[in-house]
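Hello,

Here is the structure I promised to pass on to you. Have a look at it first, and then read on for what turned up.

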Amino acid sequence: MIKRRQFIQGSANTLLFSMLLGSKNSLFAQSASMQGPAFTWKELRGGISLFSERGGTIAVLKTKDGYAVVDTQFPDQSQHVIDELKKQSDQKIQLLMNTHHHGDHTSGNIAFKGLVNRVVAHENSLKNQIAAATKAKTEEKQYYPTETFKDTWTTKIGKERIRAHYFGPAHTDGDVAIHFEHANVVHLGDLFGNKRYPIIDRSAGASVANWIHVNDKIQKHFDKDTIFTYGHAFNPTEITCKKEDLMALTDYLEKLIIHVSSEIKSGKTKEEVMKLTAVNGVQGMNGDFLKNNFQMAYEELTEKNTKQ
Ligand SMILES: [Zn+2]
């Protein structure tokens with residue numbers, strides 16, 4: 001408990017992190033850990049597989065010229081990934097990428113230090129990771145991106161071309177969609193969460209309204225055959241989907257904005273809005289972040305009203 005309380009002190013990121021520790025996924029991992037490592041590997045296609053244990057899922061590309069890894073959960077989980085990769089072949093890890101900076105996607109970067117020299121993320125992801133680590137005094141536990149970009153970034157490993165796309169602020173202001181083009185698999189990080197209330201991290205530049213635009217861009221850019229993977233799902237086994245399934249998030253975010261806008265028009269305060277227990281017209285969403293969603297939408301919408 002003391003450890004948990006220490007986590008809760010400090011930044012909003014640390015708070016999010018501690019809430020993630022209390023999520024269904026981590027409980028699943030903890031209960032299973034009594035029988036040994038709780039991780040699962042899901043083979044997708046084209047040499048891509050998806051690792052889950054605790055934190056945002058990790059995508060791994062295996063080629064005859066080496067591995068690429070996207071996201072790192074926490075140090076122990078990353079060590080499980082590294083151990084598995086070593087068992088499979090003696091190929092080197094050529095590339096590590098982060099979908100965004102949150103601790104449940106980047107805390108394990110440190111386990112890759114010395115194994116991979118190339119760590120790639122969006123420029124805002126690096127900025128956010130440094131800010132969060134400085135605030136939480138965990139700078140020495142970070143392995144920061146060594147290369148950043150603004151709009152797109154690409155490289156080739158084996159026969160696979162990897163391209164990262166930045167579509168603008170959404171869950172944070174540094175989320176990217178990472179496309180394995182040959183396999184046609186995209187890792188979305190936290191740009192989507194299956195049947196879970198999304199985390200809207202305004203302390204790291206998130207935007208509800210722009211997240212809808214980002215999802216529109218994803219709809220336009222990828223095709224109906226693309227397999228999408230993402231960080232979290234309410235049911236831990238449901239960690240891939242098709243393009244049309246992503247529209248559930250657009251639908252949710254639109255209904256959130258409509259509901260909160262009407263509450264603001266009727267004169268409700270932020271505290272009153274945060275006490276609401278459901279978004280009008282929304283069913284099938286779960287998790288701890290409904291209150292966060294109401295708060296973030298309220299702050300975003302009233303900020304805009306002030307500017308007009
Ligand atoms: Zn996140």
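A few terms first: two strands pair if DSSP finds at least two bridges between them, and helices (H or I, at least four residues) and strands (E, at least two) are DSSP runs, numbered from the N terminus. This is a predicted model, in which local features need pLDDT of at least 70 and side-chain atom pairs count only at pLDDT 80 or more, while totals for chains, interfaces and linings use all residues. Residues are numbered from 1 along each chain as its sequence is written.

**The sheet**

With that in hand, Val185 stands opposite Ile227 in strand 13. Strand 13 (residues 227–229) runs parallel to strand 11 (residues 185–187), and three bridges join the two. There is an open sheet of six strands with mixed pairing, in the order 8-9-10-11-13-15. Its edge strands, strand 8 (152–157) and strand 15 (240–241), each pair on one side only.

**Helix 4**

Helix 4 (residues 75–88) has 14 residues, which should span 20 Å at 1.5 Å a residue (the expected span is 1.5 Å times one less than the number of residues). The end C-alpha atoms of helix 4 are 20 Å apart, which agrees.

Which residues of helix 4 are buried? They are Gln77, Ser78, His80, Val81 and Leu85. A residue counts as buried if 20 or more other C-beta atoms lie within 10 Å of its own, exposed if 12 or fewer, and partly exposed in between, with C-beta atoms placed from the backbone. The buried residues of helix 4 pack against strand 2 (48–52), strand 3 (58–63), strand 4 (66–70) and strand 5 (93–97). On the face turned away from the buried side, helix 4 carries the exposed residues Asp83, Lys86 and Lys87.

**Val282**

Val282 lies in the loop between helix 9 (270–274) and helix 10 (290–307). Val282 is partly exposed, with 15 other C-beta atoms within 10 Å. Leaving aside neighbours within four places in sequence, Val282 is in contact (C-beta atoms, placed from the backbone, within 7 Å) with Tyr252 and Lys255.

**Confidence**

The mean pLDDT (the predictor's confidence in each residue, from 0 to 100) of the protein chain is 89, and 86% of its residues reach 70 or more. Over residues 1–34, however, the pLDDT is below 50. Where pLDDT is low, the predicted coordinates should not be read in detail.

Best wishes

Technical notes. Contact = placed C-beta atoms within 7 Å.
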